[in-house]
Amino acid sequence: MIERLHTSDRMSKIVKHNGVAYLCGQVGAGDSVAEQTADCLSRADALLTEAGSDREHILQAVIWLADMADFAEMNAVWDAWVPKGHAPARACGEAKLARDVLKVEIIVTAAIKD
């Protein structure tokens, strides 16, 4: 069974299937990449909780930066957010994001807690 939450014509914020929660890409508010990263990770936390998961159950994260020069600044926030011993498989690349003010977008896939 596939369960979709917060579904619009374009997308769902959460899709649950076979014990896995797939979150839509999260962006955040703020002027700096650190502020935006912290905000989008806070949004991911809320969606993970709603999906029945948490940071310790993240399987994979895909991170898009508007500018790879922001890699270290984003990683400082990311490293503080990820629980020690629970780092997911992760990729990070540079991409033109949906709006010019966006500096980071993070896509999370997590196991649902039993």
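Biologist: How do you know that the length of helix α1 agrees with its number of residues?

Modeller: Helix α1 covers residues 33-51, and at 1.5 Å a residue its 19 residues should span 27 Å. The C-alpha atoms at its ends are 26 Å apart, which agrees with that expectation. Please bear in mind that this is a predicted model.

Biologist: Which residues of α1 are buried, and what puts them on the same side of the helix?

Modeller: Buried means under 20% relative accessible area, and in α1 this holds for Val33, Gln36, Thr37, Cys40, Leu41, Ala44, Leu47, Leu48 and Ala51. They cover an arc of only 125° around the axis, and therefore lie on the same side of α1.

Biologist: What do the buried residues of α1 pack against, and what follows the helix?

Modeller: They pack against the strands β2 (12-17), β3 (20-23), β4 (58-65) and β6 (104-111), and against helix α2 (71-81). After α1 comes Gly52, which has a positive phi near 85°.

Biologist: What makes one side of α2 the buried side?

Modeller: Met74, Asn75, Val77, Trp78 and Trp81 are the buried residues of α2. Their arc around the axis is only 165°, which puts them on the same side of α2. Packing partners of these buried residues are α1, β4, β5 (89-94) and β6.

Biologist: Which residues does the opposite face of α2 carry?

Modeller: The face turned away from the buried side of α2 carries Ala72, Ala76 and Ala80. These three are called exposed because the term requires a relative accessible area over 50%.

Biologist: Why is Ser53 called buried?

Modeller: The relative accessible area of Ser53 is 2%, and the cut-off for buried is under 20%, so the term applies. Ser53 lies in the loop between α1 and β4.

Biologist: What does the side chain of Ser53 reach, and which residues does Ser53 touch?

Modeller: The side chain of Ser53 reaches the backbone oxygen of Ala111 at 2.5 Å. Leaving aside residues up to four places away in sequence, Ser53 touches Leu48, Ala110, Ala111, Ile112 and Lys113.

Biologist: Why is Cys92 called partly exposed?

Modeller: Its relative accessible area is 25%. Buried requires under 20% and exposed over 50%, so Cys92 falls in between. Cys92 is found in strand β5, and beyond residues up to four places away in sequence it touches Ile63, Leu65, Met68, Phe71 and Met74. Of these, Met74 is among the buried residues of α2.

Biologist: How do you know that the radius of gyration of the protein agrees with that of a compact globule?

Modeller: For 114 residues, a compact globule would have a radius of gyration near 13 Å, and the protein has 14 Å, which agrees. Along its principal axes, the C-alpha trace spans about 40 × 35 × 20 Å. Buried residues make up 37% of the 114 residues.

Biologist: In what order do the elements run, and how many of each kind are there?

Modeller: The protein has 2 helices and 6 strands, and from the N terminus on its elements run β-β-β-α-β-α-β-β. Among contacts between residues at least 6 apart in sequence, 68% join residues at least 24 apart.

Note on methods
Residues numbered from 1 in each chain as written. Predicted model: local features only at pLDDT ≥ 70, side-chain atom pairs only at ≥ 80, totals over all residues. Heavy atoms only, no water. Helix = DSSP H or I, 4+ residues; strand = E, 2+ residues; numbered from the N terminus. Expected span 1.5 Å × (residues − 1). Buried < 20%, exposed > 50% of the residue type's maximum accessible area, 1.4 Å probe, protein only. Arc of directions from axis to C-beta. Contact = heavy atoms within 4.5 Å. Rg over C-alpha atoms; globule rule 2.2 N^0.38 Å. Polar contact = N/O pair within 3.5 Å; in protein donor to acceptor, adjacent residues only side chain to side chain.
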